[in-house]
Amino acid sequence: MRVAIRVDGSAKIGTGHVRRSLSLAQALRELGATVQFVTRDLGIDSRALIAQQGFVDTIVLPAPTTGVEPDPAIPHSAWAEVSWERDVAETAEALRANAPDWVVLDSYAFDVRWHEGVRNALGCKIAQIDDVPDRRTAPDLLIDHTYHRDHREKYAKWLVGKTKILGGPRYGLLGPAFAEAERYRFHDNVRSVGVFMGGIDAGNHSGVVLDALEEAGFGGAVEIVTTSANPNLAALRARVAERPDTTLSLDLPDLAAFFARHDLQVGAGGGATWERCCIGVPTLLVVVAPNQNTVAPALAEEGVVAFAAEPTRACIAAELAALIPDAERRRSLAESAAELVDGLGAMRVALALMAPSLSVRPATAADAQMMFEWRDDPTTRAVSLESGTLDWDSHVEWLERVLSDRARQLFVGEIGGRPVGVIRFDFTGESRAEVSLYLDPSLHGIGLGPALLLAGEAAADPAIVDATVLETNKPSQALFARCGYESVAPDKWVKRRS
């Protein structure tokens, strides 16, 4: 599968969009996809940032040569610095020779016209990484990894056509290091503070946080992280040099270890929010952009973060003065944050994009442990006809019987070599079989069920397929209906394959 990612970085936009797109690209690459980036020259060497992660196939669109009038239909249209028509034409031309299956757009600067223009020009599907519902859009897939109680409601008045939504921190686009990274270990005392205010930090909020720490009376160690693209780097170096036990780290390849080594993190409320949550560190979010003023209060209300509503010295200092001595509150924040994000979000999104490539292989005895863990998971048992806990020895014996029975066919579904589900056909006649299937419990809700069912049918090749589904299991009923099954009884479904 070929995937192109259209993303920009600039002093105005920052580098957060590039960073989260790179996280998705790394997951796609792990699954065997070919990934190409398209970025515009907006004054930051985005190609170099992308190349640091091993992606060398990057097309750089020409820098803007003339000004462009803001588009009243798109509040952030000025971020593109070119018209949507020009960007569609140049993006399509850049990708035409190796047309992708998907184009992933990570930009607030384009709307439905961009989606339809690129889709029509290249015959591809469009995925949109977004969190700001302020313009009409028409992606096939929308990825919004920010917190919201109902993402369908959030985008209800903005989506055109049929769009699948992957919404919430479960789909946090974090780099691969975060899934297995060392988590923060809680300490009652705040021994040190980490500060990351974004890769650009054009407003020099890092310096403001240092002033706020001083006002709050914190005398411990401080580490500030930023990038070489920070326009205030010289001033920040000077400010860091003035404060004892304060260090400045530049261009870290990932921030997992940085987030884990400090007892409190202070940061902008952008994409790094989900990285901090994954590491499970107490966090004070500072709202530095209007689009952060919705997510940060919602997370604070849920007890996941503390937040400063204004990026001022006085506001930040007041929050720090209350949070630093309150060990019980910081512990609660750390525990709630860790429960919200598991670090597998980018892989979930990549698997959703690559669902059409799912294939099945015959199961083997070596799959026993994996199948046992998936089938014995409470979420799997809750929708199974037999909902009791599994016994390991009985499971192994069952698997041996199934593998040796010519009337039963057991398969493991895979995408890019990664197992994602199990499907079994028990033949009740020469060409009729009963089907049952389950997914890796961590992959529910991303659309892999239909791909697994259809791939399994093709491999087992029964003429008639029966399925028994609990009347309360509405998602499975929808799955079978989508794949051409007819309901013949409250819990019985059948499909006659041509």
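Visitor: Which residue in strand 20 does E486 stand opposite?
Guide: E486 stands opposite V494 in strand 20. Keep in mind that this is a predicted model.

Visitor: Okay, and how do strands 19 and 20 run, parallel or antiparallel?
Guide: Strand 19 (residues 486-489) and strand 20 run antiparallel, and three bridges join them. A hairpin through two residues links strand 19 to strand 20.

Visitor: What holds strands together like that in general?
Guide: The strands of a sheet pair through backbone hydrogen bonds, in a parallel or an antiparallel way.

Visitor: How many bridges join strand 18 to strand 20?
Guide: Five bridges join strand 18 (residues 464-468) to strand 20 (residues 492-496), and these two run antiparallel. For an example, look at A467, whose bridge partner in strand 20 is W493.

Visitor: Now helix 4. Which of its residues are buried?
Guide: In helix 4 (residues 112-122), the buried ones are V112, W114, H115, V118, R119 and L122. Looking down the axis of helix 4, you would see them fall within an arc of 165°, so they line one face of the helix.

Visitor: And what covers them?
Guide: The cover for the buried residues of helix 4 includes strand 1 (2-7), helix 3 (84-95), strand 4 (102-106) and strand 5 (125-129).

Visitor: Why is helix 15 called largely enclosed?
Guide: Seven of the nine residues of helix 15 (residues 368-376) are buried, so the rest of the structure largely encloses it. Those buried residues are A368, M370, M371, F372, W374, R375 and D376. Among what covers them are helix 16, helix 17 and strand 15 (408-415), along with strand 16 (418-427) and strand 17 (432-439).

Visitor: What about S384, buried or exposed?
Guide: S384 counts as buried, because its relative accessibility is 14% and the cut-off for buried is under 20%. You'll find S384 in the loop between helix 16 (378-381) and helix 17 (392-404).

Visitor: What does its side chain reach?
Guide: The side chain of S384 reaches the backbone oxygen of T380 at 2.7 Å. Leaving aside neighbours within four places in sequence, S384 is in contact with R375 and L470.

Visitor: Last topic: how many residues are in the largest nonpolar core?
Guide: That core has 59 residues, and the ones with the most contacts inside it are L24, L28, F37, L353, F425 and V435. Helix 14 (residues 345-353) gives the most to this core, with seven residues. Apart from it lies another core of 28 residues, including Y184, F196, A256 and A272.

Visitor: Which residues is V435 in contact with, leaving aside its neighbours within four places in sequence?
Guide: V435 is in contact with I423, R424, F425, L453, V465, D466, A467, F480 and Y485, once those neighbours are set aside.

Terms used: Residues numbered from 1 in each chain as written. Predicted model: local features only at pLDDT ≥ 70, side-chain atom pairs only at ≥ 80, totals over all residues. Heavy atoms only, no water. Buried < 20%, exposed > 50% of the residue type's maximum accessible area, 1.4 Å probe, protein only. Helix = DSSP H or I, 4+ residues; strand = E, 2+ residues; numbered from the N terminus. Arc of directions from axis to C-beta. Contact = heavy atoms within 4.5 Å. Core = buried A, V, L, I, M, F, W, Y, C linked by side-chain atoms within 4.5 Å. Polar contact = N/O pair within 3.5 Å; in protein donor to acceptor, adjacent residues only side chain to side chain. Pairing = 2+ DSSP bridges.
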